[in-house]
Amino acid sequence: MPAPTRSTPHGETPYSPSSLLRALTANPYDVDALREQDPHPEPAPPDNAAMRTLTVLLALALGFVVAVAVVDLRQGAAGDDDPRALLEQEVIEARGEIDALEDRQETLEGEIADAQAAVLDDTDAGASERLHAYEAAGTGSARTGPGVVLTVEDSAPLPAGPGGTAGSVNRVTDGDLQIAVNGLWAAGAEAIAVNGQRLSATSAIRTAGSAVLVDFRPLSPPYEITALGDPDDLREGVDAGETGQYLSGISTRFGIQLSWSSAEELTVPARTVGTLHEASALETPRSSTPGNGSSTAPDNDPASGDGSRKESE
């Protein structure tokens, strides 16, 4: 009986991958016969503790390399293509541009004010000084003095109850702020700002979607209403009137959070002065300015009481 050979008609060993595939596709029944007749089978790897340990170590090393590669690929993808990161970067860049534009706006406004003062003084000595006094009587300059800060904030997350799910929040509305501001005007406030936004006779407190707008600028809670005036009179005036009852009601019924604080020195920022498009000389020159106690203060002075409250409603 001739000894079996390990070569196939194609010159391959019986157990090479290509020879097995050829044998399977040609005649599957010859594969086992070739394997049994092979006098020199390939030795199996030793099955001992050292070989098992080496296999485990190789598997761990391979897994570690794969994990590092996956993490590296994810970090690279997150840094370059993550939509959230791109959006955050765009927001940061936009804020930087806004800050730069605001600085430029402030510089240009200063230059315009200087040029305007020069032109006014050339035609009427002291005109720029009187203009500044009128602006100060309105909202054209910052005011500093004693006052109070009324903080109005959304309710804390509420437990589940009738008509509401757990975690719902009652929001402060534009109406709440309007009533609080009007109450402070009525109590004798000389100047008021909401979250640093100075209120004037033409200010509007409105709602757009879920945001409260003051002069078309969206504000976020908590809303800090800074009012200049005697702190005791302001607090007592609000608490004793309908405003105090309303604020107490929304605090009790809806959980709106209210807090008062007072200080001897609070600052209300200036409001941007509108652009002067046209002016004409007065027929009868005025001999005094708002600063010396005359009655020439603008009619729309926020401290003038009822008129201001109507504008903020």
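The following legends describe close-up views of a predicted model.

**Figure 1. Overview of the protein chain.** The protein chain comprises nine helices and eight strands. Of its 313 residues, 25% count as buried. The accessible surface of the protein chain comes to about 21000 Å², and carbon and sulfur atoms supply 55% of that area. Among contacts in the protein chain with a separation of 6 or more, 69% involve residues 24 or more positions apart.

Figure 2. UniProt, in an unreviewed entry, lists residues 49–71 under "transmembrane region". In the predicted model this span is 100% helix and 0% strand.

**Figure 3. The salt bridge between R143 and E190.** The model contains three salt bridges, and one of them joins R143 to E190, with the closest N and O atoms 3.4 Å apart. R143 lies in strand β1 (residues 143–153) and E190 in the loop between α6 (174–186) and β2 (191–194), so the pair ties together parts that are 47 residues apart in sequence. R143 is partly exposed, at 26% relative accessibility. E190 is likewise partly exposed, with a relative accessible area of 39%.

**Figure 4. The salt bridge between D154 and R171.** The closest N and O atoms of D154 and R171 are 3.1 Å apart, and the two residues form a salt bridge. Both D154 and R171 lie in the loop between β1 and α6, so the pair ties together parts that are 17 residues apart in sequence. D154 is buried, because its relative accessible area of 7% falls under the 20% limit for that class. R171, by contrast, is exposed, with a relative accessible area of 56%.

Figure 5. The side chains of R235 and D239 meet in a salt bridge, with an N to O distance of 3.0 Å. Both residues belong to helix α7 (residues 231–240), where R235 and D239 are four residues apart, about one turn of the helix. An α-helix has 3.6 residues a turn, so residues three or four places apart point the same way. R235 is partly exposed, with a relative accessible area of 37%. D239 also counts as partly exposed, at 41% relative accessibility.

Figure 6. Helix α6 has 13 residues and reaches 18 Å from its first C-alpha to its last, close to the 18 Å expected at 1.5 Å a residue. Because 10 of these 13 residues are buried, α6 is largely enclosed by the rest of the structure. Just after α6, G188 takes a positive phi of about 105 degrees.

Figure 7. Q197 lies in strand β3, which covers residues 197–198. Q197 is buried, with a relative accessible area of 14%. When residues up to four places away in sequence are not counted, Q197 touches I192, V214, D215 and R217.

Notes: Residues are numbered from 1 along each chain as its sequence is written. This is a predicted model: local features need pLDDT of at least 70, side-chain atom pairs count only at pLDDT 80 or more; totals for chains, interfaces and linings use all residues. Side-chain values use heavy atoms; hydrogens and water are left out. UniProt positions are given in the numbering used here, feature names are shortened, and annotations may be inferred rather than shown by experiment. Helices (H or I, at least four residues) and strands (E, at least two) are DSSP runs, numbered from the N terminus. A salt bridge is a side-chain nitrogen of Lys or Arg within 4 Å of a carboxyl oxygen of Asp or Glu. Buried means under 20% relative accessible area, exposed over 50%, partly exposed in between (1.4 Å probe, protein chains only). Contact means heavy atoms within 4.5 Å. The expected span of a helix is 1.5 Å times one less than its number of residues. Accessible areas come from the Shrake-Rupley method with a 1.4 Å probe; for residues, only the protein chains shown count as cover.
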